[in-house]
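This briefing covers the overall make-up of one protein model and then a selection of its local features, grouped by topic.

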Amino acid sequence: MDKLTDEQQIVLDQFSEITNFDKEKEDKKVLRLLTVCNWNLETAIARYFDNDFPQLLDDHHFSSIYSDTQSFNGNTDSVFTNQSVAPPSNRSSSPPNVSPFFNPPDISFQASLVNASDELLVPKFQRALPINNKWKFQAGLLKPSSEMTKLNPLLTSLVFILMLIPKFFLLLGYGLNRVFGDYAPHLFKFLGLRKDEDDFPSHPTHNSPDDVAQHDIRKYVAEISGKEGEQLPPIYNGEFNSAFEECRKNLKWFCLILFNSESSSAERIIKEIITNERFVEFIKRNDVVLYLGDVSYPEAYEVGTSYRAYGLPYLSLIANVSLNGLSYPEFSIVCKCQRLLDGFNPTTNNNSISKLLKRLNRIIEKYEPQLVTQRFDKQEAEMSRIIREQQDNAYKESLLKDKQRQEEKVKKQLEQDLQISKQLEKESLLKQNKIKAKEYTIRYINNYYIRDDASWVKGEFTTIQFRTNDGKRFVRRFSKNETVFDIFMFVLSKQMINSYINRGVYDNDSDDDGNDEESEEVYEFVEEDDVLEYFKDYPFKYDEVENIHLDFEFDLVSPMPRLRLVSNHDPISEVKGIWPNGSLLIEPNDIYEEDD
C-alpha cells in the first residue's frame with residue numbers, strides 16, 4: 001500500500017467504493033488485478049465481478065509491490081539486467097522492405113536463475129482479455145471527438161513544451177504541413193502534424209443501431225474479394241467474447257484481424273491475405289477460429305482499444321499457452337503485428353504471404369504441443385467424468401431395481417397376507433354359518449320335532465314314509481299348513497339325532513364332526529329321547545336367527561310319480577306326489593363335493 005502512487009491510490013479507492021471488496025482477505029488479489037489490468041478501472045471491475053483473478057505468474061508487475069525475492073544478492077533490478085533477447089537467426093536474412101511481424105521474443109535467462117523457486121522471474125506472454133460489452137449500450141450515443149491532432153506518444157514532452165510556445169508557431173507548423181506535407185510526409189507524421197489513414201480511429205464511424213444490426217463482415221469480405229463458398233475462410237459468426245470463450249474452453253488457436261473499411265488497406269488485406277487460398281488452407285488445417293473486425297463499427301473498435309491496436313491492419317494470434325512451458329498456461333497473445341501490410345509488396349505478394357505463413361506455422365508448431373497436452377488432459381478428465389457419471393447412473397439404477405424388487409416383494413407379501421386373511425375370514429364365516437345352522441336345527445327340534453298328532457283329523461294331514469339308503473324306514477305326519485321346507489327340516493333333524501346317538505357328545509362340542517380325539521367323552525346316547533333331553537339344555541352361542549340359509553346334504557325323491565322335491569315354502573297340500581300320503585327316498589347329494 002505504501003508504494004502506490006497518488007494516481008494508483010485514487011484508482012484503488014474508486015475500485016473499493018464500487019466493489020466493496022474485503023480489504024483483509026482480498027487486498028493482495030485486488031492489487032494484483034489492478035496491476036495486471038494496467039490500473040484500468042473498468043477492465044479491473046469487469047474481471048472482479050467475473051471472478052477472473054490473475055494467476056500467480058501473469059506478469060512481473062506484482063513483484064514490484066509485494067516482492068519476496070530478496071534472497072538474491074542485491075535488489076531484484078539486478079536480476080533483469082542479466083536478460084538477453086536473442087533475435088531469431090533467420091531475421092537478418094529478411095528483405096528490408098518486410099517488417100518483422102510475429103517472431104515472439106526468444107528470452108533466455110542464465111541457467112542459475114531459472115528454477116522452480118524463482119517462478120516470478122519466468123517470462124510470460126501478454127495476457128489476452130475479453131472486451132467490455134459497454135459498446136452494446138452506447139450504440140448511437142457516441143459522438144465524434146474533436147479533430148485534435150493525435151501526438152506521437154514519444155513526443156509527449158515535446159508537445160508539452162510546444163504548448164507553452166505561442167500559438168503562432170503551432171499555426172506555422174500546420175501551414176508548413178499544408179505546403180510541404182506532400183514532399184516530406186514522414187517528417188510531418190513523425191511530428192504529429194499529419195495523420196495516416198491506417199492509424200487507429202478516434203471513434204467508430206458507423207455507430208447507429210441500424211448500421212450495427214445490418215453489418216455482416218462475411219458478406220463484406222465476399223463482396224470485396226469476389227469469392228464465395230469454400231474459397232472464403234471460415235470467419236467466425238458471432239461476437240468477439242463468444243469466439244474468445246470458445247477458443248479458451250476448447251483449447252483452439254484464435255486469430256484476430258482488425259481493419260478499417262474506410263481505408264484503402266481494407267481491400268488489400270482482404271484480397272492479399274484473408275482470402276488468399278494458402279491463408280485459407282492454413283486456417284482450416286490448424287482449426288483456427290478466425291475473427292475479423294471492422295473498427296468503423298463499435299464492437300471491433302472496442303476490441304482494438306482493448307488490445308491497443310494503434311496501427312491497422314492489426315493481426316494477433318492467441319492461444320492458451322505459456323512462453324516456455326515452465327509456468328501455468330493462460331489465454332495469451334502469442335504474437336501480434338501492427339500495420340500488417342507495411343511489409344507487403346504488391347509485386348512480390350506470393351513471397352510476402354509465404355513468409356507470413358511460414359512464421360505463423362513456426363509459432364503453431366512451437367506451441368501446439370502444449371495445446372495437445374491440455375486437450376489430452378481435458379479429454380481424460382471428460383472421460384473420467386463420463387465414467388463416473390455412468391457408474392453413478394448404474395449404481396442409481398441398481399438401487400432403483402433393488403427398490404422395485406423390494407416393493408414387489410412387499411406387494412406380493414401383502415397380497416398373500418390379504419389372500420390368507422380373506423381365506424381365514426371365509427373359513428371363519430363358513431364355520432360360523434355352520435354353527436348357526438346347527439343351532440337353528442336344534443331349536444327346530446326343540447320346538448317342532450316332538451308333537452301330539454293323535455287328535456289330527458284325516459284330510460288335515462298327510463302321512464309320508466321315508467326310506468334311507470341303508471333300508472331303514474320311518475313315518476311322519478305333516479299338517480296341510482306345513483311346507484316342503486318343514487319336510488326337509490324333519491329329515492335334517494332326524495339325521496342330527498342319529499349322529500349324536502352314533503358318536504356321543506364330547507366336552508368340547510366345537511368340533512361339529514365329532515373328530516376331536518383330544519376331547520374326553522362325557523355323554524353317550526342310547527336312544528332318541530336321550531338326545532332330545534340333551535338338546536333342551538344346549539349351550540347356544542348365537543341368538544335365534546330367522547330366514548337362515550341352509551344347505552341340505554340330501555335330496556328327497558318321490559318314486560311314484562317320479563318327483564324331486566325342492567326346499568321351499570309351498571304348502572304340502574299343493575304337492576300331489578306327497579298329498580294325501582306319499583313315500584320319499586332320502587338320497588345324498590354332492591353339494592359339498594362340488595364346493596370343494
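Contact here means heavy atoms within 4.5 Å. The model is predicted: local features need pLDDT of at least 70 and side-chain atom pairs count only at pLDDT 80 or more, while totals for chains, interfaces and linings use all residues. Residues are numbered from 1 along each chain as its sequence is written, and side-chain values use heavy atoms, with hydrogens and water left out. The protein has 18 helices and 14 strands; helices (H or I, at least four residues) and strands (E, at least two) are DSSP runs, numbered from the N terminus.

**Overall make-up**
- Of the 596 residues, 38% are buried, where buried means under 20% relative accessible area, exposed over 50% and partly exposed in between (1.4 Å probe, protein chains only).
- Among contacts between residues at least 6 apart in sequence, 72% join residues at least 24 apart.
- Carbon and sulfur atoms account for 51% of an accessible surface of about 36800 Å², computed by the Shrake-Rupley method with a 1.4 Å probe; for residues, only the protein chains shown count as cover.

**Helices H10 and H12**
- H10 (residues 217-225) packs against H12 (residues 265-274) at an angle of about 85 degrees, with the axes 10 Å apart; axes are lines fitted to C-alpha atoms, for helices over the stretch in contact, and angles run from 0 to 180 degrees between N-to-C directions.
- The two helices are therefore roughly perpendicular, a class that spans 65 to 115 degrees.
- Tyr220, Val221, Ile224 and Ser225 of H10 meet Ala266, Glu267, Ile270, Lys271 and Ile274 of H12.
- The residues of this contact divide into six nonpolar, one polar and two charged; Ala, Val, Leu, Ile, Met, Phe, Trp, Tyr, Cys and Pro count as nonpolar, Asp, Glu, Lys and Arg as charged, and the others, Gly among them, as polar.

**Helix H14**
- Seven of the nine residues of H14 (residues 298-306) are buried, so this helix is largely enclosed by the rest of the structure.
- Just after H14, Arg308 adopts a positive phi of about 55 degrees.

**Strands around S8**
- S8 (residues 461-467) and S9 (residues 473-479) run antiparallel and are joined by seven bridges; strands pair if DSSP finds at least two bridges between them.
- These two strands form a hairpin with five residues between them, and Gly471 in the turn has a positive phi of about 90 degrees.
- S8 also runs parallel to S14 (residues 581-588), with five bridges.
- Thr463 stands opposite Arg477 in S9, and its bridge partner in S14 is Asn581.

Methods. Angles under 35 degrees count as roughly parallel, over 145 as roughly antiparallel, 65 to 115 as roughly perpendicular and the rest as oblique.
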